[in-house]
Amino acid sequence: MAQAVTAGGELSLREQALTGDEAAFEALIGPLVELALRLAHSMLGDRWEAEDATQEAITRAWRKLGQLRPGMPVRPWFLAIVINQCRNTRRTRWFKTARIADVFQRPRPDQSDIERVDLARALARLPNQDRQALFLHFYLDLPVEEVALALGISPSAAKGRIYRACHRLRPDLLEEDK
Amino acid sequence: MDDMRRDVIVAFDAGQAELGDLRGVRERMLRGAYAGRTSRHENRLQVAAGIAAILIAALVIATFVYVRAVTQPNPAGGLNVPDSTPVILFHDPTKAGQIDGITWDGRSAGRVGDGGISGGTSNPAGTLYATGTDIRDRTGKVVGPLANTPPKTSRVAWADDEIHYCQVVPAPYKGVGPGPAMLQLVLPGGQATNVAQIGTYGSTGQNMPVPTVVACSVENDRAVVSEATVSPGFSVQDWVVQLSTGRILWTHTIKLPGSPGGVGTVATHDGQFVAESIFSPASATATIYGPEGSAITHLAGWVDAFSWDGSLAVTSPSSGYPVTLIRWRDGVVVWTGPAGLPFRSAKSEPGGMRMAIGLIDSHSSADPTVAPIVDLYVVSADGRLLWRKDNFNFA
């Protein structure tokens, strides 16, 4: 899942995209669209909302391209925009509504796989920030430094968040096993 | 850690299955984004004209604010109004924990007291407010401690007699895990009276919802309590309870038809009318129930709040905005909030018809853990915007 884009290539594509070159923008952002959609889906729990958020994030990325400094990695920069967009979407109701994500609420077809269900429950109980950090690091395979950039926190904070999430998952699993 | 990584990936993978085949998604989204960018480019002239109009409006408003500022008492002083005058209490935006008050006509404001960091919930008239540990009056003086404050108590729900409040606490229970919940009626400084055992109280440390008091009416002898249940399936149950006897007058359960989505309950201050709202990304609908629990009307939109007499409802669509104030019986929209600003909270003028509606400012942080910036709009029953105040968080 990890995407590798060289700094030199980014710079060049970025400059071309800044001049309005759609092909350059597509080469820069295109490979990240699927990652962005998966991230948005993990935060919003709905394909169509995730697509809306991702598309809006792409539009914003185009408009904010000037803020992508030379040498700055594209992936965490773009995923940060996606995360902000998803937060905006969620915030319309977040203060008062218990939001249900399919991911964690819908019974799995393979109910016999109890461990997986337990883990899904444990994940569902994690604070959003911790779950996001796990998703970025484990599922999208981002290194800690990029997780930090995407979440707008320091690498040590990102590391701490991932560690804390893992620590919270284990007692949950142990408790469920009792 | 490798096992953990693998298990987490499998769990996330199961959730991502809904996305299915993603072929063609990249191209479709990029095309959509280009279209959005193009239309924005074409709209630049219109945007420029809009900005000019906003600047002119800002100039007019600034002049208005300046004139008002020099005629108003300094908010740094105390609240200089009679004790019986209803005020809206709010968190001072410049000093953490400070509770301020402002009259419903917006003409008189001042400081009330501190203790607002971990609380600050005010009664309808703003004569008392709850901190995290006690109840204080309009001068900031402690009137009494909060009764039976368990680690995860529901918030104080003030009654319409302006003195009592309702709360939900764990009922006595010898079992393990979640136990029954107890609705109580409390007189500050006095004893808490058990009203009825309602719903389930999750044990401390569990991420379980606690029943919420939606309305507490000593005047009408009833309370409305709502509880969300996440397993099995997501549902919300509402109870309307007689305070004096603990009798359940009526109850209703809503099941979320599909996910993602949400349900929510609000009620008039007297518990006479209860609105249950359901929303999905595509739509929001609400049903308003009458005193006996029968459905009176169905509305398009989410009901956020009621006016004091119950005739007006603050509603919003599934997108969250624009927020509207409607006469819910005939569906007439009396006021529409600014585009793009979702609902945050509202208060109804006790004994009056004005509504104070808090909308989330567009400059709020995108981080959901950061409290949003809220702008206050005070609207009359006929839909006139009487006054507004930026950066306003209700107490």
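User: How do α3 and α4 of chain A pack, and at what angle?
Analyst: Helix α3 (residues 33-44) and helix α4 (residues 47-63) of chain A pack at an angle of about 130 degrees, their axes 8 Å apart. That makes α3(A) oblique to α4(A). For the cut-offs, angles under 35 degrees count as roughly parallel, over 145 as roughly antiparallel, 65 to 115 as roughly perpendicular, and the rest as oblique. Axes are lines fitted to C-alpha atoms, for helices over the stretch in contact, and angles run from 0 to 180 degrees between N-to-C directions. Helices are DSSP runs of H or I with at least four residues, strands are runs of E with at least two, and both are numbered from the N terminus.

User: Before I go on, what kind of model is it, and how is the numbering done?
Analyst: It's a predicted model: local features need pLDDT of at least 70, side-chain atom pairs count only at pLDDT 80 or more, and totals for chains, interfaces and linings use all residues. Residues are numbered from 1 along each chain as its sequence is written, while chains are lettered from A and ligands numbered from 1 in the order in which they are written.

User: OK, back to that pair. Is the crossing of α3(A) and α4(A) left-handed or right-handed?
Analyst: α3(A) passes α4(A) in a right-handed crossing. A crossing is right-handed if the near helix is turned clockwise from the far one by less than a right angle, and left-handed if anticlockwise.

User: Which residues of α3(A) and α4(A) meet?
Analyst: On the α3(A) side you have A:Val33, A:Ala36, A:Leu37, A:Ala40, A:His41 and A:Leu44. They meet A:Arg47, A:Glu49, A:Ala50, A:Glu51, A:Ala53, A:Thr54 and A:Ala57 in α4(A). The residues of this contact divide into 8 nonpolar, 2 polar and 3 charged. Contact here means C-beta atoms, placed from the backbone, within 7 Å. Ala, Val, Leu, Ile, Met, Phe, Trp, Tyr, Cys and Pro count as nonpolar, Asp, Glu, Lys and Arg as charged, and the others, Gly among them, as polar.

User: And how do α8 and α9 of chain A cross?
Analyst: The axes of α8 (residues 128-139) and α9 (residues 144-151) come within 9 Å and cross at roughly 135 degrees. α8(A) and α9(A) are therefore oblique to each other, and their crossing is right-handed. In α8(A), A:Gln132, A:Ala133, A:Leu136 and A:His137 meet A:Val144, A:Val147, A:Ala150 and A:Leu151 of α9(A). That contact has 6 nonpolar residues, 2 polar and no charged.

User: How many helices and strands does chain A have?
Analyst: 10 helices and 0 strands. Of its 178 residues, 43% count as buried; that takes 20 or more other C-beta atoms within 10 Å of a residue's own, with 12 or fewer making it exposed and anything in between partly exposed (C-beta atoms are placed from the backbone). Among contacts in chain A with a separation of 6 or more, 63% are between residues 24 or more positions apart.

User: Switching to chain B. What's the strand order in the sheet with β8?
Analyst: It's an open sheet of 4 strands, β8-β9-β10-β11, with antiparallel pairing. The edge strands are β8 (157-158) and β11 (192-201), each pairing on one side only. Two strands pair if DSSP finds at least two bridges between them.

User: How many bridges between the neighbours?
Analyst: β8(B) and β9(B) are joined by 2 bridges, β9(B) and β10(B) by 6, and β10(B) and β11(B) by 7.

User: Last one: which residues does the cis peptide bond join?
Analyst: B:Tyr321 and B:Pro322, with omega about 0 degrees. B:Pro322 lies in the loop between β21 (312-316) and β22 (324-327) of chain B.

Conventions: Contact = placed C-beta atoms within 7 Å.
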